[in-house]
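Subject: Structure for your review

Dear colleague,

Please find below the structure that I am handing over to you. I would be grateful if you could read the notes after it with the structure open.

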Amino acid sequence: MRSTLINLSKRLTIPRLSPSHTSARIVRFLAFNGQDVESYDPIMILECSPDLIHDPADRDFPDQKRLMFIETCDEGILKELNDHEGKWLDVGTPIGVVDDGDVVDKDWIWQAYLHEEKVETKDV
């Protein structure tokens, strides 16, 4: 783990990915409790509520739920990861901590990208 000038642990929360975004569910964590993370390490894949895209005309279908790939911009050890058993969570719901050896100061910094998963089909 690289050392930073300021050591402040961060609270991981469900990120607000657009001004209209209200909820998401964790599809899966890509990191695990006790793992050292650095900037740009992948943390999780989220399924986002349809309101991620404010204008329904910009969605492929009315109830479209986009998958988002989430990376951390903070450094430390992941602790207290909780996927809440795949339940839908409001933006801002705590889901873990990036522990950098100090008290939790504020929420984490993240980056998000659209993510598509390919579904494999078997020929019969």
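The notes below set out what was found, beginning with the whole chain and ending with two residues.

This is a predicted model, in which local features need pLDDT of at least 70 and side-chain atom pairs count only at pLDDT 80 or more, while totals for chains, interfaces and linings use all residues. Residues are numbered from 1 along each chain as its sequence is written, and side-chain values use heavy atoms, with hydrogens and water left out.

The chain as a whole

The chain has ten strands and zero helices. Here helices (H or I, at least four residues) and strands (E, at least two) are DSSP runs, numbered from the N terminus. Of the 124 residues in the chain, 40% are buried; buried means under 20% relative accessible area, exposed over 50%, and partly exposed in between, with a 1.4 Å probe and protein chains only. The accessible surface comes to about 7,700 Å², and carbon and sulfur atoms account for 50% of that surface. These areas come from the Shrake-Rupley method with a 1.4 Å probe; for residues, only the protein chains shown count as cover. Among contacts with a separation of 6 or more, 74% are between residues 24 or more positions apart, where contact means heavy atoms within 4.5 Å.

The two sheets

Strands of a sheet pair through backbone hydrogen bonds, either parallel or antiparallel. Two strands are taken to pair if DSSP finds at least two bridges between them.

Strand 8 is antiparallel both to strand 1 (residues 9-13), over four bridges, and to strand 6 (residues 76-79), over three bridges. Strand 8 (residues 94-99) is largely enclosed by the rest of the structure, because five of its six residues are buried.

The other open sheet of five strands has the order 7-2-4-5-10, and its pairing is antiparallel. Strand 7 (89-90) and strand 10 (110-115) are at the edges with a single partner strand each, so one side of each lacks a neighbour in the sheet. Within this sheet, strand 2 (residues 23-29) and strand 4 (residues 42-48) are joined by five bridges, and Phe29 has Met44 in strand 4 as its bridge partner.

Two buried residues

Val98 belongs to strand 8 and is buried, with a relative accessible area of 1%. Leaving aside residues up to four places away in sequence, Val98 touches several residues, including Ser9, Leu12, Val37, Ile77 and Leu78. The C-alpha atoms of Val98 and Gly34 are 9.6 Å apart, although 64 residues separate the two along the chain.

Ser9 lies in strand 1 and is likewise buried, at 1% relative accessibility. Its side chain makes a polar contact of 3.1 Å with the side chain of Asp99. A polar contact is a pair of N or O atoms within 3.5 Å; within protein, one must be able to donate a hydrogen and the other to accept it, and residues adjacent in sequence count only if both atoms are side-chain atoms. The Ser9 side chain also reaches the backbone nitrogen of Asp100, at 2.9 Å.

With kind regards
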